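User: I am new to this structure and would like to be guided through it. Please take my questions one at a time.

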Amino acid sequence: MSGPALRLAVELDGDGAHPAAWRRAAHAPDHLLTPRRLSRVAAAAENAGFTLITLEDGTLPPGATPDVVGRIGAVERAAFLAASTSVIGIAPVVPLTYAEPFHVSAQLASLDHISVGRAGWVVSEETRPEAARLWGRRLVDGAAARARESRDGIEVVRALWDSWEDDAVIRSVATSRYLDRERLHYVDFTGDTYAVKGPAIVPRPPQGQLVVLGRPDLVPAGHLDVGLVAGRDLAALEAAAAAAGTPRTFAEVEVALDTPDATAEERLADLERHAPWGDGGRLRHVGSAAGLAALLERLRGVVDGVRLHPLVVDEDLNVLSGLVLPHLFERRHAVRPLPGSSLRTQLGLERPANRYAAQRTQTTPATPIREETR
Amino acid sequence: MTRTDPLDVPRPDAQLHLGVFFQGVNHWTIWSDQASGSQIDPASYRRVAQRAERGLFDAFFLGEGLRLREVDGRIHDLDIAGRPDAITQLAALAAVTERIGLVSTSNTTFNEPADLARRLSGLDLLSEGRAGWNVVTTDNAWTGANFRRGGYLDHADRYRRAEEFLTVARAIWDGWDDRAVSASSGAPAWAAPGGVRQVRHQGTQFDVNLVPTLPRSAQGHPVIFQAGDSGEGRDFAARNADVIFSAHGNDFDDALTFADDLRRRLRAVGRPDDDLRILPGTEIIIGATEEEALEKKRWIRLQQVTPATALGIAGLLWGLDLSDRDADGPLPEEDPVVAENDGSFGARRVADPRAVVAEWREKAQAHGWSLRETVIALGPQRGHVGTPAGLADKFAHYVRHGAVDGFNITPYLIPDGLDDIVDLLVPALQERGVYRTEYTGTTLRDHLGLREPLTHRSTTCRRQAG
């Protein structure tokens, strides 16, 4: 199958997708949480030509003993990386099951300002019951309740991003007005479990709306820009992509690659002695770089991009950047991001019009502003 | 001991600490000038933080807003507004600065301790021990309308929640032993068994039972800042804070009285009386001569207090909409209206408007001032004005006499408002031996010369402090 060139994303949380990945990392455990390690890995992904980094998160430690691993909040990591990279998109995972949508909206809008339009957001769910107590809230019980919190939360976050029109800051010296309050809007959201007034504190993000990624089986497709679709084999993946209903789809692919020192099977077996690599229902490639390149080529036309989950970041990212991505770029099966473009542009997504500005111009024609503005 | 004899000062070796407060909402940041840059562009933040770091400042501060200001039910449109989330912005600055402390103002009323403690820990690790937390509370349901919980907390509960919040946050920060994480990937476990502890807290405000996600930073945990002028706020600071912001930095006697009061409160809770740094917020206006500095001040005040801003401030005082009056004319003839609730949020309200208006009338008449001139002359008198040498002498006097430990500077221009201070005042302070010539430590705690965190001290000291 052939289709438009793929966009490539890579998940870079911790030491890799395997719970015991830290045992094969190229650094000591106590270096995992250092800024140096974080920026080194992001620079490697950016130089390799990935379009997007995603950063998994959750407010509880990701592993069970002995693989309990520390994890800095994904938004904080993303902001740090936004300031130390220049081209690659960055999307933290932020669940809305318990978090305050007002805070989440502000944090993500800030990330888009900091990265000058390179920010995305992977919506996820907080499924562990212990998280409720951590947030001081009643348990959000069951898939339907979690889906409701995600749906309402995204609606609020997106409305808040629009609550400042793009040109709300007018700096009108003639009238002494910094803001045009007509271009600021109360979102007045009322959902099943809470209400939010608005407007936001952060001006509208450079992309207008950040790129929102998530699972279309958990989040209504209308709220997503990119559906993260999964399947254990190509047929299942194709079906999931076809059913997604989102503007763009990215396939979830877990990878363990042959390295000069060990085969993928040997590396995986080494880690499996310590903990199992849980089955998340995703396509998994364990083998050669060439085999992965061939698999990804087959995904052209099925999905718009792939998100790779490396077994061990330090090992697999080297192979991806040295062998897999160059091969794909050479044959134009995948493309590198263009410097100076927003993440939306990289993904071929329009910059959305502001919902309130659209309403306003429909009802009352805007008065042309002729005063001196700066 | 005489307070005027330079040879007999209480703290001959005292060092001045400087912070910069990048303000998000106020009319003191001039936006109308050609040199005024963006309030949201990441380059503005980078520029101010890097300039402050070049000036060897201790810290860069960000405030927090949880709802846009309103006057009479309408969004206030005259002042700068719109700003990034503080911790997110500071995490980005951690990547482009090396030494300067990064302090976030974060609210205890509309956050949860486990989440906020983790976000602050992240900032602390990303900056390798340069994070600070300015603890604030919110007092109105108006702000609550933006949050799931909604509503508000009354005054007493706000502080009770803040204090318990801090207790939980500290327990989370102390949940990992200092060397809990293994130093070798060949170790049997990522973190040493027993090195990471479950945190259990059951109190009147919080019921927490969790495994913390992060180890301690190079400075233990974030430095605690607090601003509070009421007796309750000062006691809170004496029990919990490493640094207190104050509004007592413009007048020497006032500053000294405040500092002495705090030292008394510190001793009362069993802390050494030099355990808390006092950093009043201030504006600094520098000229080559005194006259030039005063002329600059006049210009700055006119930029800050525009006719519309003067009418807005007077409107809040009078309780009337004065926006159609002439700011350059006389004061309004009406008596002020004292309203129960004037519909203004996030704006300064006046305790006894009748008395203030009477004083304004008397002074305006005596000096022949217009309304705008009156607002400028009788509004809050902020800041220090002078030559680099004059200001350095004055600040050396303040700090050597224990009236302040330094200043938190609010530049009137973003992003270049620190240039004079870094280029002219800092060298003058260094000549007088009251300011560092290089960073000697790497953490914010090092810069401020603080002892180890309160919770890390001996049990006796901790019990006394608690």
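Predicted model: local features only at pLDDT ≥ 70, side-chain atom pairs only at ≥ 80, totals over all residues.

User: Over which residues of chain B does pLDDT stay under 50?

Analyst: The mean pLDDT of chain B is 91, and 94% of its residues reach 70 or more. For the stretch where pLDDT stays under 50, the model has 11 contacts beyond four places in sequence. That stretch of chain B is residues 459-466.

User: Why can chain B be called as compact as a globular protein of its length?

Analyst: The secondary structure of chain B comes to 15 helices and 14 strands. For its 466 residues the globule rule gives 23 Å, and chain B is as compact as a globular protein of that length because its radius of gyration is close to that value. The radius of gyration of chain B is 23 Å.

User: Which three residues supply more of the area that chain B buries against chain A than any other three?

Analyst: In the model, 73 residues of chain B are in contact with 76 residues of chain A. The area buried between the two chains is about 6300 Å², with carbon and sulfur atoms giving 59%. Of the area that chain B buries against chain A, 16% comes from B:Trp31, B:Arg148 and B:Trp190.

User: Which element of chain B gives the largest share of the side that touches chain A?

Analyst: Between chain B and chain A there are 27 residue pairs in polar contact. On the side of chain B that touches chain A, β4 (74-75), α2 (86-96), α3 (113-126) and β8 (207-210) each supply at least two residues. The largest share, 8 residues, comes from α2(B).

User: Which side chain of chain B meets A:Glu76 in a salt bridge?

Analyst: The count of salt bridges between chain B and chain A is 6. In the one that involves A:Glu76, the N to O distance is 2.9 Å. The partner is B:Arg119.

User: Which residue does a cis peptide bond join to B:Ile414?

Analyst: Most peptide bonds are trans. In chain B, the cis bond at B:Ile414 has an omega of about 5°. Its other residue lies in the loop between β14 (406-409) and α13 (419-431) of chain B. That residue is B:Pro415.

User: What is phi of A:Val116 near?

Analyst: Most residues other than glycine have a negative phi. A:Val116 lies in the loop between α3 (101-114) and β4 (120-124) of chain A. Its phi is positive, near 50°.

Note on methods. Residues numbered from 1 in each chain as written. Chains lettered and ligands numbered in written order. Heavy atoms only, no water. pLDDT = per-residue confidence, 0-100. Contact = heavy atoms within 4.5 Å. Buried area = accessible area lost by both parts, 1.4 Å probe. Salt bridge = Lys/Arg side-chain N within 4 Å of Asp/Glu carboxyl O. Polar contact = N/O pair within 3.5 Å; in protein donor to acceptor, adjacent residues only side chain to side chain. Helix = DSSP H or I, 4+ residues; strand = E, 2+ residues; numbered from the N terminus. Rg over C-alpha atoms; globule rule 2.2 N^0.38 Å.
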